[in-house]
Amino acid sequence: MSSDSLKVIIVDDEPLARRGLRLRLENLGGVEVVAECGNGREAKEQIVSLKPDVAFLDIQMPGVTGLELVQLLPEEALPQIVFVTAYDQYAVEAFEVNAVDYVLKPIEEDRLSRALQRAREKLGSENLAAQREQLLEAVADLTQESPESLEERLAAGELGSSRYPEKIAIKDSGKITLVPAREIDWIDAAGDYMCVHANGETHVMRITMKELEQQLDPKVFQRIHRSTIVNLKRVREICAHINGEYHLVLNNGERLKMSRSYKNKVQHFI
């Protein structure tokens, strides 16, 4: 490797995703992949130890997410951050932690090349205003808004946690399925996995109930049991039981138990 090669670390809980990104980076040249990590805790140790120039981080990982990892790293060990993810609802958060770029899966080679170029420019520059403008343009590309409009909304505090993705990205065996949120009927927990039921199909994703709940609009999705979330628009009937519990009947005939501790949720249906 030449002395001006960028030292890169790849962080993603999917082995196939890590391998695919490594191959694309190596094809572009001028990059030395010094480590691959499957979780945030491992990545923190490797970043502090290896001091890479750039870290490509998947945002949604079990345990420590990509965004949390950035916040956990000591400032002196922080590399240039490029977030790589299948959905764009975290674009503003990426901007707020001063990432250098934000790349959507499936990754296009020219987009990856631009991310590396931005990282090189940032490494050789102390012009924070120019760096901020670059990332603002990247976020604008994702959100289909003008940089000026985004700047105004950021200043007004109108962007961030109030936004919910139109699609939920579900990773399985290296493949990503984008399920429209409006098509989800209900979600239930199975150990460390969530079963997302939509259009007669069940998609399994490794994520906590709390993390998934944060991606869903509470005006549409509500927890009715410690292990069940339901799409309110899919509820057809509410059946009360003597013991104070309820069963919700969905449009597709599915019956879901609403536990007594969540009975206050009934107000969302009447």
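Analyst: Start with a definition. Buried means under 20% relative accessible area, and exposed means over 50%. Keep in mind that this is a predicted model.

User: Which residues of α2 are exposed?

Analyst: Arg41, Glu45 and Ser49 are exposed. They sit on the other side of α2 from its buried residues.

User: Which residues of α2 are buried?

Analyst: Gly40, Ala43 and Ile47 are the buried ones. Look down the axis of α2: these residues fall within an arc of 50°, so they line one face of the helix.

User: What do the buried residues of α2 pack against?

Analyst: They pack against β1, β2, β3 and α3.

User: What should I look for at the two ends of α2?

Analyst: At the start, look at Asn39. One of its side-chain oxygens comes within 3.2 Å of the backbone nitrogen of Arg41. Just after the helix, check the backbone of Lys51. Its phi is positive, about 50°.

User: How do I read a nonpolar core?

Analyst: Look for buried nonpolar residues joined through side-chain atoms within 4.5 Å. Here the largest such core has 19 residues. Ile9, Val11, Leu57, Leu69, Ile81 and Phe83 touch the most other members.

User: Which elements supply at least two residues of this core?

Analyst: β1 (6-11), β2 (31-37), α2 (40-50), β3 (54-58), α3 (66-72) and β4 (80-85) each do. The element that gives the most is α3, with three residues. Another core, of 18 residues, lies apart from this one; Ile10, Leu25, Val31 and Val103 are among its members.

User: How do I read a site that comes from a record?

Analyst: Find the residue, then ask where it sits and what it touches. UniProt, in an unreviewed entry, lists Asp58 for "modified residue: 4-aspartylphosphate". Such annotations may be inferred rather than shown by experiment. In the model, Asp58 is in strand β3.

User: Is Asp58 buried or exposed?

Analyst: Asp58 has 4% relative accessibility, so it counts as buried. Leaving aside neighbours within four places in sequence, Asp58 is in contact with Val11, Asp12, Asp13, Gly66, Val84, Thr85, Lys105 and Lys171.

User: And how do I read the protein chain as a whole?

Analyst: Begin with its secondary structure: eight helices and 15 strands. Next comes burial. Of the 270 residues, 48% are buried. Then turn to contacts. Among those between residues at least 6 apart in sequence, 51% join residues at least 24 apart.

Technical notes: Residues are numbered from 1 along each chain as its sequence is written. This is a predicted model: local features need pLDDT of at least 70, side-chain atom pairs count only at pLDDT 80 or more; totals for chains, interfaces and linings use all residues. Side-chain values use heavy atoms; hydrogens and water are left out. Buried means under 20% relative accessible area, exposed over 50%, partly exposed in between (1.4 Å probe, protein chains only). Helices (H or I, at least four residues) and strands (E, at least two) are DSSP runs, numbered from the N terminus. The arc is that of the directions from the helix axis to the C-beta atoms. Contact means heavy atoms within 4.5 Å. A polar contact is a pair of N or O atoms within 3.5 Å; within protein, one must be able to donate a hydrogen and the other to accept it, and residues adjacent in sequence count only if both atoms are side-chain atoms.
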